[in-house]
Amino acid sequence: MSQCLQHWTFAVNASRQPASTLPPWLRSGLGRASEVSRVQQVIKQRQIHTICEEGRCPNRGECYARGTATFLLMGPTCTRSCAFCQVDKGHAPLPLDPAEPSRIAEAVETLGLQYVVLTAVARDDLPDQGVGQFAATMRAIAQRCPQTQIEVLTPDFWGGDPDRDRAEQAQVDRLAVVLAEQPVCFNHNLETVERLQGQVRRGARFDRSLRLLALAKQLAPAIPTKSGLMLGLGETQAEIIETLQALRQVGCDRLTLGQYLQPSLAHLPVQRYWTPAEFEELGAIARELGFQMVRSGPLVRSSYHADSG
């Protein structure tokens, strides 16, 4: 999926791996089947997508019960080919649906959602990289459900213009469109440490993602920024800490750390299962570095407990 999607997803499907190969702390069931079924029915009726369902996030029942969900904008097909993500890719995405924003807003109202995360596949095929659809959806939700808080989890908005100056200015302009709608949090995931970026995030770059987070803080200082990492792809603890330090240097306020789970044999294999105790240790280090909010645990995903700040 796109970097954004990447971002969004730590949402990989643990059930694709035999339970016997998973450590015991990753063998929990989804639970809350009634909540999952209710949300699935609503989104199917309205022909919309959530990363909760596309990525089969292990926490989706819990989040639905809390009145939160993460909607996937601009269709289920990504224009990038990240090696960890199970979102559909490899063929041309569909044209934008102008009715998508209103259908998502209707679903938010029907489900009584209090907190919504909007994410998207990467749409490098679009001149504006999809920022117009982000903005339109945020406005539609705000008009229909003014009390609902909206977090955005975006791609890097890098359009690939060969002229670097133009490309950088375009990234600023696109980001400004999204921030003008006043989300309660701006999220963009680094996904992994700098050494592994090329292998894991095809089409994305570590420096571009850090730049986006820095720009968000410069353009809208009052809006908290957030990022996340998947662990288990071959990174070391020292590399993780270096990455956390880099995030703090660009003013990143919030952090999620979760375990990568291989969606299928076609995706990158898990190199290591980090233990709950190790996640706790890394979470403590992150707090010492100054992150205002830290969620760190094997089943933590980008939008996990997003509503609690």
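Start by selecting valine 116 and isoleucine 150: valine 116 stands opposite isoleucine 150 in S5. Strands and helices here are DSSP runs (E, at least two residues, for strands; H or I, at least four, for helices), numbered from the N terminus. Strand S4, residues 115–120, pairs with S5 in the parallel sense over 5 bridges, where pairing takes at least two DSSP bridges between the strands. To get from S4 to S5, trace the chain through helix H6, residues 131–144; this β-α-β crossover is right-handed. That label applies if, with the strands pointing away from the viewer, the path from the first strand over the helix to the second runs clockwise.

Before you go on, a word on what you're looking at: this is a predicted model, with local features needing pLDDT of at least 70 and side-chain atom pairs counting only at pLDDT 80 or more, while totals for chains, interfaces and linings use all residues. Numbering runs from 1 along each chain as its sequence is written, and side-chain values use heavy atoms, with hydrogens and water left out.

Now highlight all of S5, residues 149–153. How many of its 5 residues are buried? The count is 4, so by the cut-off for buried (under 20% relative accessible area with a 1.4 Å probe, protein chains only; over 50% is exposed, in between partly exposed) the strand is mostly covered.

Move to the other partner, strand S6 (residues 185–187), which pairs with S5 in the parallel sense over 3 bridges. Pick leucine 153 and you'll find asparagine 187 of S6 opposite. Here the chain crosses from S5 to S6 through helix H7 (residues 164–179), again as a right-handed β-α-β crossover.

Next, select lysine 226 in strand S7, residues 225–231. Is lysine 226 buried or exposed? It counts as buried, because its relative accessibility is 1%. Show side chains and look for glutamate 151: a polar contact of 3.1 Å joins it to lysine 226. (A polar contact is an N or O pair within 3.5 Å; within protein, one atom must be able to donate a hydrogen and the other to accept it, and residues adjacent in sequence count only if both atoms are side-chain atoms.)

Time for the rings. A search of the whole structure turns up 1 aromatic pair. Phenylalanine 134 and phenylalanine 157 have ring centres 6.1 Å apart and planes at 85°, so they are edge-to-face. The rule covers Phe, Tyr and Trp (its six-membered ring) with centres within 6.5 Å: planes under 30 degrees apart are stacked, over 60 edge-to-face, the rest tilted. Since phenylalanine 134 lies in H6 and phenylalanine 157 in the loop between S5 and H7, the pair ties together parts 23 residues apart in sequence.

Stay on phenylalanine 157 and check its backbone: phi is near 60°, a positive value in a residue other than glycine. Most residues other than glycine have a negative phi. Glutamate 191, in the loop between S6 and H8, also has a positive phi, near 75°. Glutamate 191 counts as buried at 0% relative accessibility.

Last stop: two arginines over rings. The charged end of arginine 272 sits over tryptophan 274, 3.7 Å from the ring centre, and arginine 248 lies over the face of phenylalanine 291 at 5.6 Å. The test is NZ of Lys or CZ of Arg within 6 Å of the ring centre and within 35 degrees of the ring normal.
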